[in-house]
Amino acid sequence: MITKEEFLEGQILLIDKPLTWSSFQAVNALKWGIRRKFDLKKIKIGHAGTLDPLATGLLIICTGKFTKRIPTLQGQEKEYTGTITLGGTTPSYDMETDVDKTYPIEHITEEQIHAATSNFIGKIQQVPPVFSALKKDGKRLYEYAREGQAVEIKSREIEITTFEITKIDLPNVDFRVVCSKGTYIRSLANDFGVALESGGYLSSLRRTKIGDFNVDKAVSPADFHTDVLGMEKPKEK
């Protein structure tokens, strides 16, 4: 059992973020639990890398003095698994928004799918999705998108060291990706569809590793309350 002093001094907590939870909700659930358990008015706590609500998996949460380590942890290589659905696009590049255009997939072969991954290996330029929390002129990009405003988004350099196709069951293609900080897997899904002369969007995503930290060692927010804090499970979000 982790003590109050240990939480305040600093801990690295590995959380398996549930589907539909925001990263902010996960941090708040732990913050609320720790404060209530030890009757604390406040505690420093933050996460090392946001996960979208429709993604699950590894979220590193730091407490106390260990919050100073967050920039270093954010910069580490990350591994994801997930599914790209071919034959359609969405404005958000994932399932947050509805399919707006459809494309044929009859011409796509398994050989083409495997071959297309080579276009994305190494240091490449990637355009972030317009539905993202990046700021332009002091405003979040997703705010422009929801208002229907067109906005120019500059590409930036990212690095993908592994892009592996693990299963093909068209229109769905399962994958594993190892990439640098700043990589948007949603953008990769969209660009992958373009490379196959079709459309593509991200239909599932799970972060499995950040540096040497593995989701296999992570616990859900509910299990954190029961197993780590010895408290009742929090209410479902």
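The questions and answers below concern a predicted model.

Residues are numbered from 1 along each chain as its sequence is written, and side-chain values use heavy atoms, with hydrogens and water left out. Because the model is predicted, local features need pLDDT of at least 70 and side-chain atom pairs count only at pLDDT 80 or more, while totals for chains, interfaces and linings use all residues.

Q: What distance does helix 2 reach from its first C-alpha to its last?
A: Helices (H or I, at least four residues) and strands (E, at least two) are DSSP runs, numbered from the N terminus. The expected span of a helix is 1.5 Å times one less than its number of residues. Helix 2 (residues 23-38) has 16 residues, for which 22 Å is expected. Its C-alpha reach is close to that, at 23 Å.

Q: Which residue follows helix 2 with a positive phi?
A: The phi in question is near 55°. The residue that has it is aspartate 39.

Q: How many disulfides does the structure hold?
A: A disulfide is counted when two cysteine sulfur atoms are within 2.5 Å. For cysteine 62, the closest cysteine sulfur is in cysteine 179, and at 19 Å it is too far for a bond. Cysteine 62 is buried at 0% relative accessibility, and cysteine 179 is buried at 1%. The number of disulfides is zero.

Q: Which residues touch the most other members of the largest nonpolar core?
A: A nonpolar core is a set of buried Ala, Val, Leu, Ile, Met, Phe, Trp, Tyr and Cys residues joined through side-chain atoms within 4.5 Å. The largest such core has 26 residues. Elements that each supply at least two of its residues include strand 4 (78-86), helix 4 (110-116), strand 10 (156-169) and strand 11 (172-179). The members that touch the most others are Leu86, Ile160, Phe163, Phe175 and Phe192.

Q: How many residues are in the second, separate core?
A: This core includes Phe7, Leu40, Ile43 and Leu59. Its size in residues is 20.

Q: Which strand pairs with strand 3 in the parallel sense?
A: Two strands pair if DSSP finds at least two bridges between them. Strand 1 is antiparallel to strand 3 over eight bridges, with leucine 13 partnered by isoleucine 61. Strand 2 also runs antiparallel to strand 3, joined by three bridges, and glycine 46 stands opposite cysteine 62 there. The parallel pairing, over three bridges, is with strand 12.

Q: How many residues of strand 3 are buried?
A: Strand 3 is mostly covered. Of its ten residues, the number buried is ten.

Q: What is the C-alpha to C-alpha distance between proline 171 and isoleucine 105?
A: Proline 171 is in the loop between strand 10 and strand 11, and its relative accessible area of 32% makes it partly exposed. Proline 171 and isoleucine 105 are 66 residues apart in sequence, and their C-alpha distance is 7.5 Å.

Q: Where is arginine 206?
A: Arginine 206 is partly exposed, at 27% relative accessible area. Leaving aside neighbours within four places in sequence, its contacts include Asp16, Thr56, Gly57 and Glu79. The element that holds arginine 206 is strand 12.

Q: How many of the residues of helix 6 are buried?
A: The buried residues include Ile185, Leu188, Phe192 and Gly193. Helix 6 is largely enclosed by the rest of the structure because, of its eleven residues, the number buried is eight.

Technical notes:
Buried means under 20% relative accessible area, exposed over 50%, partly exposed in between (1.4 Å probe, protein chains only). Contact means heavy atoms within 4.5 Å.
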